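Biologist: I would like to go through this model one feature at a time. Please give the general idea first and then the case at hand.

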Amino acid sequence: MKKILGEQRRQLLLDKLKETADPLKGGELASLMGVSRQVIVGDMTLLKAKGEPIIATSQGYLYMRETADDDLYRVLACFHKPEDTQDELYVLVDAGVTVKDVTIEHPVYGELTAGIHVSSRREVDMFMQRVRETGASYLLELTGGLHLHTITAPNVAILEQAMNDMRAAGYLLEESE
């Protein structure tokens with residue numbers, strides 16, 4: 001493929017991201033554009049700096065569309081060991097929610113949030129594989145297991161089911177009575 005230059009390439013990348021709801025890997029975009037993956041990383045940084053709502057997930061780049069007005073969300077306070085992360089995410093996606101992110105309260109940096117964006121076991125498996133491949137640490141390791149998840153669902157019943165399932169699994173942190 002012929003190398004596509006600068007602004008034209010970034011516009012093509014933006015168009016490609018907007019036309020799919022699936023994550024696009026940097027390597028695939030690089031091959032498509034005839035450039036290196038590092039050039040794509042730079043392009044994505046420039047697009048983000050221009051205000052484009054692009055996020056990098058473990059599955060690839062996503063263009064964040066506005067959520068539907070009837071799409072509901074909750075923030076769950078969670079607590080578990082790092083080795084329970086996969087099971088926790090399975091509990092959530094099995095209930096039918098999308099896990100948007102994880103947030104911790106860092107003593108120096110304040111609130112730190114990282115996108116997760118998983119809605120199925122397959123996506124959880126891909127996320128976990130990426131963690132293993134990179135040797136990355138979980139944010140919850142900085143707080144002894146305490147963290148927040150933003151979850152979304154099309155209705156309250158699904159959000160309630162997710163909360164009940166998290167409570168039953170022992171991952172939901174709740175105020176003492």
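This is a predicted model: local features need pLDDT of at least 70, side-chain atom pairs count only at pLDDT 80 or more; totals for chains, interfaces and linings use all residues.

Biologist: What share of the 177 residues is buried?

Modeller: Buried means under 20% relative accessible area. Of the 177 residues in the protein chain, 38% are buried. The accessible surface comes to about 10,200 Å², and carbon and sulfur atoms hold 52% of that. As for contacts with a separation of 6 or more, 71% of them are between residues 24 or more positions apart.

Biologist: Next, charged pairs. How many salt bridges does the count come to?

Modeller: Side chains of opposite charge can pair when their charged atoms come close. The cut-off is a side-chain nitrogen of Lys or Arg within 4 Å of a carboxyl oxygen of Asp or Glu. By this rule there are 7 salt bridges.

Biologist: Which residue forms a salt bridge with glutamate 7?

Modeller: An α-helix has 3.6 residues a turn, so residues three or four places apart point the same way. Arginine 10 is the partner of glutamate 7, with the closest N and O atoms 3.5 Å apart. Both residues belong to helix 1 (residues 6-18), 3 residues apart, or about one turn of the helix. Arginine 10 counts as buried at 13% relative accessibility, whereas glutamate 7 is partly exposed at 46%.

Biologist: Which side chain meets aspartate 43 at 2.4 Å, N to O?

Modeller: That is arginine 9, in a salt bridge. Arginine 9 lies in helix 1 and aspartate 43 in helix 3 (residues 37-49), so the pair ties together parts 34 residues apart in sequence. Both partners fall under the 20% cut-off: arginine 9 is buried at 7% relative accessibility, and aspartate 43 is buried at 2%.

Biologist: What is the distance between the closest N and O atoms of arginine 10 and aspartate 43?

Modeller: Those atoms are 2.9 Å apart, and the pair forms a salt bridge. With arginine 10 in helix 1 and aspartate 43 in helix 3, this pair ties together parts that are 33 residues apart in sequence. Salt bridges with shared partners join Glu7, Arg9, Arg10, Asp43 and Lys50 into one network.

Biologist: Now the helix pair itself. At what angle do the axes of helix 1 and helix 3 cross?

Modeller: Two packed helices are described by the angle between their axes and the distance between the axes. Here the axes of helix 1 and helix 3 cross at roughly 80° and come within 10 Å. Helix 1 is therefore roughly perpendicular to helix 3.

Biologist: Which residues of helix 1 and helix 3 meet?

Modeller: From helix 1, Arg9, Arg10, Leu13, Leu14 and Leu17 meet Val39, Ile40, Asp43, Met44, Leu46 and Leu47 of helix 3. The residues of this contact divide into 8 nonpolar, no polar and 3 charged.

Biologist: Is helix 4 mostly covered or mostly open?

Modeller: Helix 4 (residues 85-94) is mostly covered, with 7 of its 10 residues buried. The buried residues are Thr85, Glu88, Leu89, Tyr90, Val91, Leu92 and Val93. Their cover includes strand 3 (72-79), strand 4 (98-106), strand 5 (110-118), helix 5 (121-134), strand 6 (146-153) and helix 6 (156-169). Just after helix 4, glycine 96 has a positive phi of about 105°.

Methods: Residues are numbered from 1 along each chain as its sequence is written. Side-chain values use heavy atoms; hydrogens and water are left out. Helices (H or I, at least four residues) and strands (E, at least two) are DSSP runs, numbered from the N terminus. Buried means under 20% relative accessible area, exposed over 50%, partly exposed in between (1.4 Å probe, protein chains only). Axes are lines fitted to C-alpha atoms, for helices over the stretch in contact, and angles run from 0 to 180 degrees between N-to-C directions. Angles under 35 degrees count as roughly parallel, over 145 as roughly antiparallel, 65 to 115 as roughly perpendicular and the rest as oblique. Contact means heavy atoms within 4.5 Å. Ala, Val, Leu, Ile, Met, Phe, Trp, Tyr, Cys and Pro count as nonpolar, Asp, Glu, Lys and Arg as charged, and the others, Gly among them, as polar. Accessible areas come from the Shrake-Rupley method with a 1.4 Å probe; for residues, only the protein chains shown count as cover.
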